[in-house]
Amino acid sequence: MLEIIKKEHYPCYALLVEDNMESIMDVATLISFIFKYGAGVGINLSNLRPKGSLIKSTHGKAMGPVSVMQCYSSISNMITQAGKRPGAMLGLLNINHKDIEEFITCKNIEGNLTNFNISVGINNEKDLKKTRLLELISNQIHQNGEPGILFFDNAQKDKFCDEEINAVNPCVEHVSLDKTSCCLGSLNLTKFYTKNGFDYENFKKYISYSIRFLDNILTLNSYPDKRIEEKTLKYRQIGLGVMGLADLFIMNNFLYGDNNSYVLTEQIFSFMQKISYDE
């Protein structure tokens, strides 16, 4: 199966924008090559200075995170016009950023930034006490389903390396490092259901297959930038998830959220974690 993967296959990526023109345009170049092959990208804009801030070197004013998003959105539209599917993006901004209200409401106008999802980053539990912002976020979620909320403090607790976890892929399945890729797959839990219970022996076999498969993809893949390739191959991040959990409850006559469903979920995912780490 692995032999049929084309060399130009690209996954999705996580990028961090620094507060300077070189980084802003570097990311613009990276996403243009990412979009060229129909991949997606998550972009952390939290380091950018607020809109209207003085730029000492030019005596001008900063355009702010939302304007940078509009620039990247235009690049996505341009690449789409070249014949590929629209580039999927996620914009992330820390809740403490001075432009956070503009960011939270940036998609209120129909048709604005349609190729962006947006999420608000939370770094500690004190951020949750900002009632006014949480009310604004809640109202926006009720209105159009965005923004999402990403708890970076929890991500830092479970991080896999000494580097700061500071970026996220476009669909927020996992948090990551700047200039890395996401390589994800899922197992259908209903395929391991039997009348005698969950088939852990067969599940173990396919967990091992999947971990090896995803890791091999990292080796076979082509990357849009040497820096992304080097960091991806250094840390070899992969993500193995599941589908069919609710269906599995139905097959076992469990109510979603009852004690039986909790016990089964704990058993399955503890097993999955152990086998994945062993592999």
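A salt bridge is a side-chain nitrogen of Lys or Arg within 4 Å of a carboxyl oxygen of Asp or Glu. By this rule the structure has 12 salt bridges, among them the pairs described below. This is a predicted model, in which local features need pLDDT of at least 70 and side-chain atom pairs count only at pLDDT 80 or more, while totals for chains, interfaces and linings use all residues. Residues are numbered from 1 along each chain as its sequence is written, and side-chain values use heavy atoms, with hydrogens and water left out.

**Glu101 and Arg132**
- Glu101 pairs with Arg132 in a salt bridge whose closest N and O atoms are 2.1 Å apart.
- Glu101 belongs to helix α3 (residues 100-104) and Arg132 to helix α4 (residues 131-144), so the pair ties together parts that are 31 residues apart in sequence; helices are DSSP runs (H or I, at least four residues), and strands are runs of E (at least two), numbered from the N terminus.
- Accessibility is sorted into buried (under 20% relative accessible area), exposed (over 50%) and partly exposed (in between), with a 1.4 Å probe and protein chains only.
- Glu101 is partly exposed at 38%, whereas Arg132 is exposed at 55%.

**Lys107 and Glu146**
- In the salt bridge between Lys107 and Glu146, the closest N and O atoms are 2.6 Å apart.
- Lys107 and Glu146 are both buried.

**Arg227 and Asp225**
- A salt bridge joins the side chains of Arg227 and Asp225, at 2.8 Å from N to O.
- Arg227 is partly exposed, with 36% relative accessibility, and Asp225 is buried, with a relative accessible area of 17%.
- Through shared partners, salt bridges link Asp26, Asp225 and Arg227 into one network.
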